[in-house]
Amino acid sequence: MIYLRSVRLDKEELPAGFPFDIPCIRTLESLDFTHPLTFFVGENGCGKSTLLEAIACGMQTPAIGSADVSQDPSLEAQRQLARHLKFTRNTNPRIKLFFRAEDSFGFTRKIQGMLEEFSAMEGEFEAEIKGEYGYQLAKGVVQGQAKSLEQKYGENPDGRSHGESFLLFLKERIHPKGLYLLDEPETPLSPIHQMKLMVFLHQQIEEGCQFLIATHSPMLMAFPGAQILSLDQNPIRQLEWEDVEHVRLMKRFFQDPKNYLRRLFDSWQILNLLKRFGARSL
């Protein structure tokens, strides 16, 4: 299922400065999303997270584990960009969510804190509420809320690794027939857990979900049938997996890592020498 079909930049009276001076934004005309899974790829600073965040703002997509996109002060520039984006939809999803990998740790700590507060409240009720009926009623409410969180996130969310918590979190928040924007979800994940994430994405696509994902991971990019949009290209263009620079780099590295690193270190030393002696000769 494809809910968001395309994004177009209205270039009339564009402001100066960030983010409109990012090359992939400055040259943006229209992006067509032709597959249920689309990857935004490119080097750090190319604008993939900025564009994804602007789409989240323009689509009024709720954020998971952080301030709402309409209120988050770190997204002011992205909201400004969103006001110049035009969206074409096929239909509306049942649910929309925007998620940045770095938000998962804060959300896990928040859940842990809530469970600890519920436990403390039981002790306070016992000390402050005199009647047995009132005490049992209040205790039941708190225990019910705590049990609901434990069923979703476990009795000790902090007891899991970051990657395990991240995958569990996604499984609890991603539901069929939804539009999901994920920013670098591979960040806390080992290669094995990246494979688990791909299996999960495949299952959710089968359930009618659409994903837009900003990533650096060649493993995720290899997802069968995914659309790969390179933001290193100006204008943005679609690439095949084997043509993505991240993939080419990793292939060269794994063919002969020792030799690759030796050449890399030698080049770095030569460059430093050229800088030092070149400056003196000038």
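Reader: What should I know about the model before reading values from it?

Author: The model is predicted, so local features need pLDDT of at least 70 and side-chain atom pairs count only at pLDDT 80 or more, while totals for chains, interfaces and linings use all residues. Residues are numbered from 1 along each chain as its sequence is written, and side-chain values use heavy atoms, with hydrogens and water left out.

Reader: In what order do the six strands of the open sheet stand?

Author: Helices (H or I, at least four residues) and strands (E, at least two) are DSSP runs, numbered from the N terminus. Two strands pair if DSSP finds at least two bridges between them. Here the order is β5-β6-β7-β3-β8-β9, with mixed pairing. The edge strands, β5 (95–100) and β9 (237–239), each pair on one side only. From one strand to the next the twist averages 20°; axes are lines fitted to C-alpha atoms, for helices over the stretch in contact, and angles run from 0 to 180 degrees between N-to-C directions.

Reader: In which sense do β3 and β8 pair?

Author: Strand β3 (residues 37–41) and strand β8 (residues 227–230) are parallel, with four bridges between them. F39 has I228 in β8 as its bridge partner.

Reader: Which strands make up the open sheet of three?

Author: They are β2, β1 and β4, in the order β2-β1-β4, and the pairing is antiparallel. β2 and β4 are at the edges with a single partner strand each, so one side of each has no neighbour in the sheet. The twist in this sheet averages 15° from one strand to the next.

Reader: How many bridges join β1 to β4, and how many join β1 to β2?

Author: Five bridges join β1 (residues 4–9) to β4 (residues 85–89), and three join β1 to β2 (residues 30–32). S6 has T88 as its bridge partner in β4. R8 stands opposite K86 in β4 and opposite S30 in β2.

Reader: How do side chains point along a strand?

Author: In a regular strand they alternate between the two faces of the sheet.

Reader: Is helix α2 mostly covered or mostly exposed?

Author: Buried means under 20% relative accessible area, exposed over 50%, and partly exposed in between (1.4 Å probe, protein chains only). Helix α2 (residues 48–58) is mostly covered, with 10 of its 11 residues buried. Among the buried ones are K48, L51, L52 and I55. Just after α2, Q60 has a positive phi of about 55°.

Reader: Which strands does α2 lie across?

Author: α2 lies across β3, β5, β6 (178–183) and β7 (210–214), and runs at about 150° to β6. Contact, where I use the word or speak of touching, means heavy atoms within 4.5 Å.

Reader: What is the nearest side chain of opposite charge to K48?

Author: Lys and Arg count as positive and Asp and Glu as negative; His and the chain ends are not counted. A salt bridge is a side-chain nitrogen of Lys or Arg within 4 Å of a carboxyl oxygen of Asp or Glu. K48, in helix α2, is buried and has no salt bridge, the nearest side chain of opposite charge being E184 at 4.3 Å.

Reader: Which side chain makes a polar contact with the side chain of K48?

Author: A polar contact is a pair of N or O atoms within 3.5 Å; within protein, one must be able to donate a hydrogen and the other to accept it, and residues adjacent in sequence count only if both atoms are side-chain atoms. The partner of K48 is H216, at 3.2 Å. A polar atom of the K48 side chain also lies 3.5 Å from the backbone oxygen of E43.

Reader: What is the case of D183?

Author: D183, in strand β6, is buried without a salt bridge, and R100, its nearest side chain of opposite charge, is 5.9 Å away. The side chains of D183 and S49 make a polar contact of 2.8 Å.

Reader: Where does D232 lie?

Author: D232 is in the loop between β8 and β9. Its relative accessible area is 34%, so D232 is partly exposed. The side chain of D232 reaches the backbone nitrogen of E43 at 3.1 Å. The C-alpha atoms of D232 and C24 are separated by 7.2 Å, although the two residues are 208 residues apart along the chain.
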